[in-house]
Amino acid sequence: MPSFLLLGALCTFLFSRVPPSLPLQEVHVSRETIGKIAAASKMMWCSAAMDILFLLDGSHSVGKGSFERSKHFAITVCDALDISPEKVRVGAFQFGSTPHLEFPLDSFSTRQEVKAQIKRMVFKGGRTETGLALKYLLRRGFPGGRNGSVPQLLVIVTDGKSQGQVALLAKQLKEKGITVFAVGVRFPRWEELRTLASEPPEQHVLLAEQVEDATNGLLSALSSSALCSTAAPDCKVQAHPCAHKMLETVRELVGTAPCWRGARRADAVLAARCPFYSWKRVLLNHPATCYRTTCPGPCDSHPCQNGGTCIPEGPDRYHCLCPLAFGGEANCAPKLSLACRIDVLFLLDSSSSTALEGFLRAKAFVKRFVQAVLSEDSQARVGVAGYSRELAVAVPVGEYRDVPELVRSLDGLAFSGGPTLTGSALLQAAERGFGSPARAGQDRPRRVVVLLTESPSQDEVAGPARLVRARDLLLLGVGSEAVRAELEEVTGSPTQVMVYAEPQDLFDKIPELQGKLCIRPWSGCQAQSMDLVFLLDASASVGPENFAQMQSFVRSCALQFDVNPDVTQVGLVVYGSQARTVFGLDAHLTRAAVLRAMSQAPYLGGAGSAGMALLHIYDKVMTVQRGARPGVPKAVVMVTGGRGAEDAAVPAQKLRNNGISVLVVGVGTVLRDALRRLAGPRDALVQVAAYSELQHHQDALIEWICREAKRPVNLCKPSPCRHDGTCVLRRGSYRCECRDGWAGPHCENRVLRGDAPEAHGSRQDPTGGLHTPGLQQPQRPRHPGS
């Protein structure tokens, strides 16, 4: 076979390998978003007065198949147009070698007539004389139009392979105020389409081959000028990365082949190797940005639980593909049950601060919860109440045993608005939220109040919550992150609080709530008196994030104690490059104040010294002058990453010798030998693998503190005597023997020369200097810290 025939056959084979239809524009988004784009194009509507003229390329380079797709695109756009003589008018041209008016803008007055006429258009063929069509419009304007008194839109559907120059003509059209959309078909030349289109080109250059995407893009551009809108108000135009692709023919060197060339002499032939080329078509990418309208889909709220996959079935329907364990449940809901005998009252915040949306979300949560956990053989009884200024019981506890009736009855609970009086609501719930108190003692089911709120209370909650818990009611809190601290104060423990970051995450708390309802929490040693100081390692070896977890841990521990001057006093010290008293034992008189102050503890950084920090507590915190109370058990809880603890064993023993218990909580890869020496002979050491696991060791820590609170107390340790006075124990009390120049029950008064008593202590004090704890407390100034 001659070489030129071989080359021709090879090119024919290569061209035949190019697929006839390729995705020449790709929007780089998820499959779900592509579905939303297609759905949104069907929800958009254009009802403003405007003239739209379709200019369809009917040349041979486009071909009959792509011409039919151009017609389909125009028909799809018409589905979103309010076509009438007063609103949207539509006309159509076909151009090839010459422009041909298919029908003017004033020919048809209904959408059905326009679509039928577009369907009847016949492919004509010819050259691609785009420029002749544009000149026609420049000279004669839009046939049947309203002479520019309304917006004019020209939609050119072409492959962009014009036989002449179009840039100047397109510019003149756009200068006349005509908005030009350039829509590609087949394998378009994107550069020419950008030249034809109005600015910005990323909103006015589209591809008719992907009809729903192109329709969405065109209508999205018009929505920015208020000519079009969507049926759903929460739809919005968004930018997405996309790629325009162009099919081009390139020459590629394949290799060399023997060839023969004649020499100067007629009888001579020279052999040589000649280069051999092939031609092939390649798709070249042009990065771009596409603007499309998307509307919220049914799966945006993540309705499928427990790892289920949401599959949309239209704009407002979906189904869930569930794991095997939840296959038979609606939305893959957890298979839960309440096996314990319990009365539950859901207390819903219905105040203005939470707003109607938050109130309806809380009601939906209760409905889903009872549907998930209640069954015919359930021993649990449920009631529901709302509150703002007053408590409104919508469903008395135990009134409905049938779950569907219970769910329907919740619709009777209306949003009330008003102030957020959570403390008052808790008291009212305890008094009348559970009906008649006929059953008592062991025969009465355990009673639980589940508080759902997203707003801080406008009245005091700590006192009412204490009274409610004293009536043997368990309080559980469910709310947003903004009210975490208040819910901890209400419930008395962070383990009884469930918070969510985003509103839709509320429904994920159903399994957690079910688990907490049947567990009786341990209340710690609320009534035991104690002076308790927390010591936190705030050095550089810990870091700010781990220090924040320490703060959260000690706040949780503080919630276990009744903080007031007669029961438990709490202080906080941090150390890094230095030791600092955040607040002393007598600085804050309520648990709420202690929790707030703990949240404000500073991270110091630097090289930490646990020994220096313990000496700081010995000298400036655990003293009668700084708020410590004689005759009250005392303890220091030190939380450390271990570095800087090598010098702490002797200061820790000094504290123990002074009647102060020391517990060490070591976190992470700590220096175990140093911490064991620091823990002392009673091995007061808790080992924790990571800062995130501190919460799992809270019970062990509280148990240790409560045990230390019951140990015998030496009234002279630490010494209540000031100015180096000597504390002397005597028959269950103590007295202070003062040095020269000082007198008073605790050697607190300076004595001037000549006024000194004959004997220190007994003659200055009418009681003989004897003090019994609880009957006469030492008078001491308040020191908020040092």
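This is a predicted model: local features need pLDDT of at least 70, side-chain atom pairs count only at pLDDT 80 or more; totals for chains, interfaces and linings use all residues.
Let me begin with Thr-640, which counts as buried because its relative accessibility is 0%, where buried stands for under 20% relative accessible area, exposed for over 50%, and partly exposed for what falls in between, with a 1.4 Å probe and protein chains only. Residues are numbered from 1 along each chain as its sequence is written, and side-chain values use heavy atoms, with hydrogens and water left out.

Thr-640 belongs to strand β23, residues 634–640; strands here are DSSP runs of E with at least two residues, helices are runs of H or I with at least four, and both are numbered from the N terminus. Which side chains does Thr-640 join through polar contacts? One is that of Asp-537, at 3.1 Å, and another is that of Tyr-575, at 3.3 Å. A polar contact is a pair of N or O atoms within 3.5 Å, where, within protein, one must be able to donate a hydrogen and the other to accept it, and where residues adjacent in sequence count only if both atoms are side-chain atoms.

Let me turn to the surface. Glu-376, Asp-377, Asp-402 and Glu-405 gather there in a patch of negative charge, a patch being made of residues with over 30% relative accessible area and no salt bridge, with like charges joined within 9 Å; a salt bridge is a side-chain nitrogen of Lys or Arg within 4 Å of a carboxyl oxygen of Asp or Glu. Of these residues, Asp-402 sits in the loop between β16 (391–395) and α11 (403–409), and with a relative accessible area of 36% Asp-402 is partly exposed.

Next, the backbone. The peptide bond from Glu-199 to Pro-200 is cis, with omega near -10 degrees, and Pro-200 is in the loop between α7 (190–196) and α8 (201–204). Another cis peptide bond runs from Lys-717 to Pro-718, with omega near -10 degrees, and Pro-718 lies in the loop between α21 (698–709) and β26 (726–730).

Finally, Asn-147 is not a glycine, yet has a positive phi of about 55 degrees. Is Asn-147 buried or exposed? With a relative accessible area of 79%, Asn-147 is exposed, and its place is the loop between α5 (130–140) and β6 (152–158).

Definitions and conventions
Patches are made of residues with over 30% relative accessible area and no salt bridge: like charges are joined within 9 Å, nonpolar side chains (Val, Leu, Ile, Met, Phe, Trp, Tyr) within 5 Å. Accessible areas come from the Shrake-Rupley method with a 1.4 Å probe; for residues, only the protein chains shown count as cover. Lys and Arg count as positive and Asp and Glu as negative; His and the chain ends are not counted. The place of a charge is taken as NZ of Lys, CZ of Arg, CG of Asp or CD of Glu.
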